[in-house]
Amino acid sequence: MLRPVPDTDGAPFWEYAAQGELRVQACAACGEFRFPPRPCCPHCQSFESEWRPVSGRGRVWSYVVAHPPLLPDYAAQAPYNVVVVELEEAPRIRLVGNLVPGAGQPLGAFPVENLRIGARVRAVFHDGLPQWVPERS
C-alpha cells in the first residue's frame, strides 16, 4: 500500500499522526487554520505558524467508492470508500481518508450502503495514519 510522502511543510502533520494525535497547521498571527500546510497564511500573509490539536470530530462532506481496475493491493480490498471530512472546529478544513468500523479495520470493511453525506465521524489512528469511524451518539 502507498504511504504518504511528507514534504517540509506537511511533515509535522504525519509526525503527530504517528503519535495518534490530529493537529492542523494554524497561522500564529491571525489564528486561521490552513490545510494543506504551507509556509504563508492565505488570510494575512504571515509566515508564522503553529500546529494546533483538534478534536478529530467532523462530518462526511463527500465520498467516493473505489472499484477495480485499481493497483493490485487496492483491488484486493475493493470496493472501499474514500471520504472527505469537514472538521468540526474548522469547517473550511477538509481531510481525506477512509471510513472504517474501527481503527485498523480493512479499507472495505465499512458497508458502502451505509455511507452518508453529513454523517458524524471522528478520527482514529492505525499504523501512523488517520482513519475515520462513525461517531456514536
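Modeller: P69 is placed in the loop between β3 (57-66) and α2 (72-75); the helices (H or I, at least four residues) and strands (E, at least two) are DSSP runs, numbered from the N terminus. This is a predicted model, in which local features need pLDDT of at least 70 and side-chain atom pairs count only at pLDDT 80 or more, while totals for chains, interfaces and linings use all residues. Residues are numbered from 1 along each chain as its sequence is written, and side-chain values use heavy atoms, with hydrogens and water left out.

Biologist: What kind of peptide bond joins P68 and P69?

Modeller: The bond between P68 and P69 is cis, with an omega of about 15°. The bond from F35 to P36 is also cis, with omega near 5°, and P36 belongs to the loop between β1 (23-27) and β2 (49-53).

Biologist: What makes Q131 a buried residue, and which backbone atom lies 2.9 Å from a polar atom of its side chain?

Modeller: Q131, in strand β7 (residues 129-134), has 8% relative accessibility and so counts as buried. The atom in question is the backbone nitrogen of G104. A polar contact is a pair of N or O atoms within 3.5 Å; within protein, one must be able to donate a hydrogen and the other to accept it, and residues adjacent in sequence count only if both atoms are side-chain atoms. The 2.9 Å between the nitrogen of G104 and the side chain of Q131 is therefore within the limit of 3.5 Å.

Biologist: Which residues is V100 in contact with, and what makes V100 buried?

Modeller: Contact means heavy atoms within 4.5 Å, and, leaving aside neighbours within four places in sequence, V100 is in contact with Q105, P106, F110, Q131, W132, V133 and P134. V100 lies in the loop between β5 and β6, and V100 counts as buried because its relative accessibility is 0%. Although V100 and V133 are 33 residues apart along the chain, their C-alpha atoms are separated by 5.3 Å.

Biologist: How do you know that β1 and β2 pair?

Modeller: Two strands pair if DSSP finds at least two bridges between them; β1 and β2, which run antiparallel, are joined by 5 bridges, with A26 standing opposite E50 in β2. In β1, 5 of its 5 residues are buried.

Biologist: How many bridges join β3 to β4, and how many join β4 to β5?

Modeller: β3 and β4 pair in the antiparallel sense over 8 bridges, and in β4 the bridge partner of S62 is V84. β4 and β5, also antiparallel, are joined by 4 bridges, and a hairpin connects β4 to β5 through 6 residues.

Biologist: What makes a pocket a pocket, and which residues lie nearest the centre of the largest pocket?

Modeller: On a 1 Å grid over the protein atoms alone, a pocket is an open set of points where a 1.4 Å probe fits, with protein on both sides within 12 Å along at least five of seven lines, and lining residues have an atom within 4 Å of a point. The largest pocket is lined by 31 residues, of which P4, W14, N98, L129 and P130 lie nearest its centre. The largest share of this lining, 4 residues, comes from β7.

Technical notes:
Buried means under 20% relative accessible area, exposed over 50%, partly exposed in between (1.4 Å probe, protein chains only).
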